[in-house]
Amino acid sequence: EDGIRDKLVTGVQTCALPISDDSVMSVIAAANADGRLSDAEVQGYMLQLAAAGNETTRNAIAFGLHALLLRPEQMAALRAAGGMPESAVEEMIRWASPTLYTIRQALEDVELHGQKVPAGARIALMQGAANFDPAVFDRPERFDVMRAHNPHLGFGIANHVCLGIHVARLELRILFEELLARARTIELDGEIRFVRDSFIHGVRTLPVRMGRDRKSTRLNSSH
C-alpha cells in the first residue's frame, strides 16, 4: 500500500511538471513543489480524485436506473422528453445519495435548532437523510424525474462541494440519453444487491436485460 501511495506522488510530480496550466494536476504539483502540500496530502488528494470520480457516479447511475425500472411511468416520461432533462439528473443524485454522510469539526461554539455544538466537536452531516427531508422536499419518498425544486446535498455544499460535480452530471446525462436511444426495452433480470457499507450507498450487482427490436442482451452492473 505504501508503494502505491509513493507512486501517486511521483506520478503527480512527473506528469504535471513543468507547470504550465491551471489543471487540477498542475495545481496539486505546484503546491507540492513549493511546500504548501506535503507528500501525504498529495496522496490523499489523488486517492480522493481516483475513488470519488468512479464509485459515486457509478452508484448514482445504478440507483437511477433501478428507480426507473421500478417506475414505468417515470421511464415513459424520460422517453417522452426525448433526452435527459436536468431535473432527472438531479433527482437521480438526490435519490442515490452516493455518500451517506461526511464528518466535520466545529471551529467555534454554535447552536443549531436548539442543539449546542462546542468548538472542536466532530459532527456527522447526514446528507443521505437530508436529501429526504420532508421540510425541504415535496413528497421526498417519490422518485420524480421532473421534480422542479430539488436543493439536494448529493454534491456537498459551499467550500466542500464536489470537485467533479460537472463531470458527474455530464456522465449521467450522456449515459441515459444514449441508453434510452439505443435500447427499446430495459427490464430487471434479477434482484439488486447492495454494498454493505456505512459511508458509501452502493450497488454491488444490478442484473438487467436490454433489447433492440427482437434481440435482447443480459447485462449485470457489478461492483
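1. About 310 Å³ of space lies in the second largest pocket, where a pocket is an open set of points on a 1 Å grid over the protein atoms alone at which a 1.4 Å probe fits, with protein on both sides within 12 Å along at least five of seven lines, and where lining residues have an atom within 4 Å of a point. Such a volume is the space filled by probe spheres set on the points, which are joined across faces, edges and corners. The model is predicted, and local features need pLDDT of at least 70, side-chain atom pairs count only at pLDDT 80 or more, while totals for chains, interfaces and linings use all residues. Residues are numbered from 1 along each chain as its sequence is written, and side-chain values use heavy atoms, with hydrogens and water left out.

2. The lining of this second largest pocket includes Arg104, Glu108, His113 and Ile123, and β1, β2 (110-112), β3 (115-117) and β4 (122-125) each supply at least two of its residues. Helices (H or I, at least four residues) and strands (E, at least two) are DSSP runs, numbered from the N terminus. By class, the lining divides into seven nonpolar, three polar and two charged residues, with Ala, Val, Leu, Ile, Met, Phe, Trp, Tyr, Cys and Pro counted as nonpolar, Asp, Glu, Lys and Arg as charged, and the others, Gly among them, as polar.

3. The largest pocket has a volume of about 1400 Å³ and is lined by 47 residues, of which Thr99, Thr102, Phe155, Gly156 and His160 lie nearest its centre. Helix α3 gives the largest share of that lining, 11 residues, and the lining as a whole divides into 27 nonpolar, 16 polar and four charged residues.

4. The largest nonpolar core holds 33 residues, of which Leu65, Leu68, Phe176 and Ile186 touch the most other members; a nonpolar core is a set of buried Ala, Val, Leu, Ile, Met, Phe, Trp, Tyr and Cys residues joined through side-chain atoms within 4.5 Å. Here too α3 provides the largest share of the core, eight residues. Not counting residues up to four places away in sequence, Phe176 touches Ile61, Gly64, Leu65, Leu68, Met84 and Met92, contact meaning heavy atoms within 4.5 Å.

5. Trp95, in helix α5 (residues 86-96), is buried with a relative accessible area of 17%, buried meaning under 20%, exposed over 50% and partly exposed in between (1.4 Å probe, protein chains only). Leaving aside neighbours within four places in sequence, the contacts of Trp95 include Phe63, Arg71, Phe132 and Arg142. Trp95 and Arg142 are 47 residues apart in sequence and 9.1 Å apart in space, C-alpha to C-alpha.
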